[in-house]
Amino acid sequence: MEFVMTLRFVGIDPNTGGEGSPTVWVEEESADLVLQGEKADAVLKSLVASTEWVAGHKTGIPPHERVIRIPFRMVQILREACDAAERASAEHRDVR
């Protein structure tokens with residue numbers, strides 16, 4: 001059986017020039033946010049990796065994770081994505 005993922009496009013960086021841009025989607029079945037963004041530079045990655053953000057939580061960035069940067073001008077798009085994720089989650093809870 002093949003799994004088909006359904007992505008709902010929410011928005012793209014309004015300052016895009018037609019090249020790759022920060023983009024936000026919601027994966028319909030899981031209600032997860034899916035983000036495309038600029039790779040963090042070495043300074044930002046170092047700060048994230050070396051800081052104990054939660055007491056007792058291991059520092060570092062696991063090999064399967066990435067730090068990305070989403071520009072401030074996309075805050076409203078992220079809010080819309082969160083709303084869409086909540087709706088998708090509610091829809092799937094009602095069906096299960």
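In this predicted model, Met 5 lies in the segment that precedes strand 1, which spans residues 7-12. Met 5 has a relative accessible area of 51% and is exposed, because the cut-off for that class is over 50%. Together with Phe 3 and Leu 7, Met 5 forms a nonpolar patch on the surface. The accessible area of these three residues together is about 340 Å².

The protein chain contains two helices and five strands. Along the sequence, these elements follow the pattern β-β-β-β-α-β-α. The radius of gyration of the protein chain is 16 Å, whereas a compact globule of 96 residues would have a value near 12 Å. Along the principal axes, the C-alpha atoms fill a box of roughly 45 × 40 × 30 Å. Buried residues make up 22% of the 96 residues. Among contacts with a separation of 6 or more, 50% are between residues 24 or more positions apart.

The largest nonpolar core consists of ten residues, namely Val 10, Val 24, Val 26, Ala 31, Met 74, Ile 77, Ala 81, Ala 84, Ala 85 and Ala 88. At least two residues of this core come from each of strand 2 (23-27) and helix 2 (75-95). Helix 2 supplies the largest share, five residues. One of the core residues is Met 74. When neighbours within four places in sequence are left aside, Met 74 is in contact with Gly 11, Ile 12, Asp 13, Pro 14, Pro 22, Thr 23 and Val 24.

Ala 31 is buried, since its relative accessible area of 12% falls under the cut-off of 20%. Most residues other than glycine have a negative phi. Ala 31 is not a glycine, yet it has a positive phi of about 65°.

Side chains of opposite charge can pair when their charged atoms come close. A search of the whole structure finds two salt bridges. In one of them, the side chains of Arg 8 and Glu 28 meet with an N to O distance of 2.6 Å. This pair links distant parts of the chain, with Arg 8 in strand 1 and Glu 28 in the loop between strand 2 and strand 3, 20 residues apart. Arg 8 is partly exposed at 27% relative accessibility, whereas Glu 28 is buried at 13%.

A salt bridge also joins the side chains of Asp 13 and Arg 73, with an N to O distance of 2.6 Å. Asp 13 belongs to the loop between strand 1 and strand 2, and Arg 73 to the loop between strand 5 (68-69) and helix 2; the two residues are 60 residues apart and link distant parts of the chain. Asp 13 is buried, with a relative accessible area of 5%, while Arg 73 is partly exposed at 42%.

Helix 1 covers residues 42-50 and includes Val 48. The relative accessible area of Val 48 is 25%, so this residue counts as partly exposed, between the cut-offs of 20% and 50%. Apart from residues up to four places away in sequence, Val 48 touches Trp 53, Ile 61 and Val 67. Val 48 and Ile 61 are 13 residues apart along the chain, and their C-alpha atoms are separated by 7.7 Å.

Conventions. Residues are numbered from 1 along each chain as its sequence is written. This is a predicted model: local features need pLDDT of at least 70, side-chain atom pairs count only at pLDDT 80 or more; totals for chains, interfaces and linings use all residues. Side-chain values use heavy atoms; hydrogens and water are left out. Patches are made of residues with over 30% relative accessible area and no salt bridge: like charges are joined within 9 Å, nonpolar side chains (Val, Leu, Ile, Met, Phe, Trp, Tyr) within 5 Å. Accessible areas come from the Shrake-Rupley method with a 1.4 Å probe; for residues, only the protein chains shown count as cover. A salt bridge is a side-chain nitrogen of Lys or Arg within 4 Å of a carboxyl oxygen of Asp or Glu. Helices (H or I, at least four residues) and strands (E, at least two) are DSSP runs, numbered from the N terminus. Buried means under 20% relative accessible area, exposed over 50%, partly exposed in between (1.4 Å probe, protein chains only). A nonpolar core is a set of buried Ala, Val, Leu, Ile, Met, Phe, Trp, Tyr and Cys residues joined through side-chain atoms within 4.5 Å. Contact means heavy atoms within 4.5 Å. The radius of gyration is taken over C-alpha atoms; the globule rule is 2.2 Å times the number of residues to the power 0.38.
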